[in-house]
Amino acid sequence: MAGRNVRRAGAAALAALSLAALSACSSGSGSDEGSGDELISVGFSQLGAESGWRTANTESVQASLTEEAGFDLTFVDAQQKQENQIKALRDFIAQDVDVIAFSPVIETGWDEVIEEIKDAEIPLVLVDRTVDTTVEDPYVTWIGADFKQEGITAGEWVKENAPDAKIFELQGTMGSGAQVDREEGFDSVVGEENIVGKASGNFTRAEGKAAVEAALQAYPETNLIFAHNDDMGLGAIEAIEAAGKVPGVDIKIVTIDGVHDGLQALLDGKFNYVVECNPVFGDQIADAIKKVYAGEELPKETIVVDQAFESITQEELDARLY
Ligand code: AHR
């Protein structure tokens, strides 16, 4: 990393010198951030706006990578399309930004563009989801949740509280790190033989609803739905109620995320268990980008801490950030 980014480390050193000079001439506010032209230019490719989680994550990133905090942010929403993300990444290379960050919609298919980023000597920070690539040393650092552990946590609740459940698994975007790892973790705990069917709802409420409508026809014995995110679980509620059944009672619902609407459903008794996936880590991303730009050593991965909810009070819900 240090060798690869000599040009950028040099830029960082120059920036630090001029900021030090500026701050020496200033009235001594103690902060040199945002005081000159030396903003860190960041190209951020967000994968989409498919869920409440994603909206909260975008807000957190944009609230942290501000000019006041020392960043010149170019933020692009890929609308859940890999080709849009690849185009955005190539645009960032053409702009010669200081650092590229992105949240990959699926795990594979990035080899070529990651090689191009490396050739351009632009450090890459991975956010939220992971990549599966043959490129050696493809990124500087990754910040996100432990998706496999989230699936395991959900599975352990099911195993303990509904051991004979006939489970329908509502998968996220196929091939995404969040789908692959949550499914692997959950299935390893509950056992494939307890899962009556699976289908993808692409992490959206509308597609989750459509998948559950079809599942209730195809697998009428279903009495528990494991949804890879809250939004699809909320779609499942609509489908279950439309079929004349009671969500949370006739058909239990276990989800991942812990966004406001999901935890409201838990409070209302329509969800039974929610494993959190905290989207509010913009500050950690900002901190990592500053360190990357300065050429500092970073851990290869930083796991965002999650909790899980079997119940929640109105007060606790109101106090949450998202
Ligand atoms: O990658 C994180 C997942 O992506 C969240 O669980 C989901 O809501 C989002 O779409």
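Predicted model: local features only at pLDDT ≥ 70, side-chain atom pairs only at ≥ 80, totals over all residues.
Let me begin with helices α5 and α6, where α5 passes α6 in a right-handed crossing, a term that applies if the near helix is turned clockwise from the far one by less than a right angle, anticlockwise being left-handed. Helices here, like strands, are DSSP runs numbered from the N terminus (H or I and at least four residues for helices, E and at least two for strands).

Residues are numbered from 1 along each chain as its sequence is written, and side-chain values use heavy atoms, with hydrogens and water left out.

Two packed helices are described by the angle between their axes and the distance between the axes. For α5 (residues 147-161) and α6 (residues 177-190), the axes come within 7 Å and cross at roughly 35 degrees; axes are lines fitted to C-alpha atoms, for helices over the stretch in contact, and angles run from 0 to 180 degrees between N-to-C directions. The contact (heavy atoms within 4.5 Å) includes Phe147 of α5 and Ala178 and Arg182 of α6.

A polar side-chain atom of Arg182 lies 2.8 Å from an oxygen atom of the ligand, and for Asn229 the corresponding distance is 2.9 Å. In the side chain of Ser51, an N or O atom is 3.1 Å from a ligand oxygen atom.

Next, α7 (residues 205-218) and α8 (residues 230-242) pack at an angle of about 45 degrees, with their axes 7 Å apart. That makes α7 oblique to α8, because angles under 35 degrees count as roughly parallel, over 145 as roughly antiparallel, 65 to 115 as roughly perpendicular and the rest as oblique. The crossing of α7 and α8 is right-handed, and Val212 and Leu216 of α7 are among the residues making the contact, as are Leu234 and Ile240 of α8.

Which helices cross at roughly 10 degrees? They are α3 (residues 82-95) and α4 (residues 111-119), whose axes come within 10 Å, and that angle makes α3 roughly parallel to α4. Their contact is made by Ile86, Leu89, Arg90 and Ile93 of α3 and Glu112, Val113, Glu116 and Ile117 of α4.

Finally, let us follow Ile93, which is in helix α3. Leaving aside residues up to four places away in sequence, Ile93 touches Ile100, Val113, Glu116, Ile117, Ala120 and Ile122. The C-alpha atoms of Ile93 and Glu121 are separated by 9.3 Å, although the two residues are 28 residues apart along the chain.

Terms used
Polar contact = N/O pair within 3.5 Å; in protein donor to acceptor, adjacent residues only side chain to side chain.
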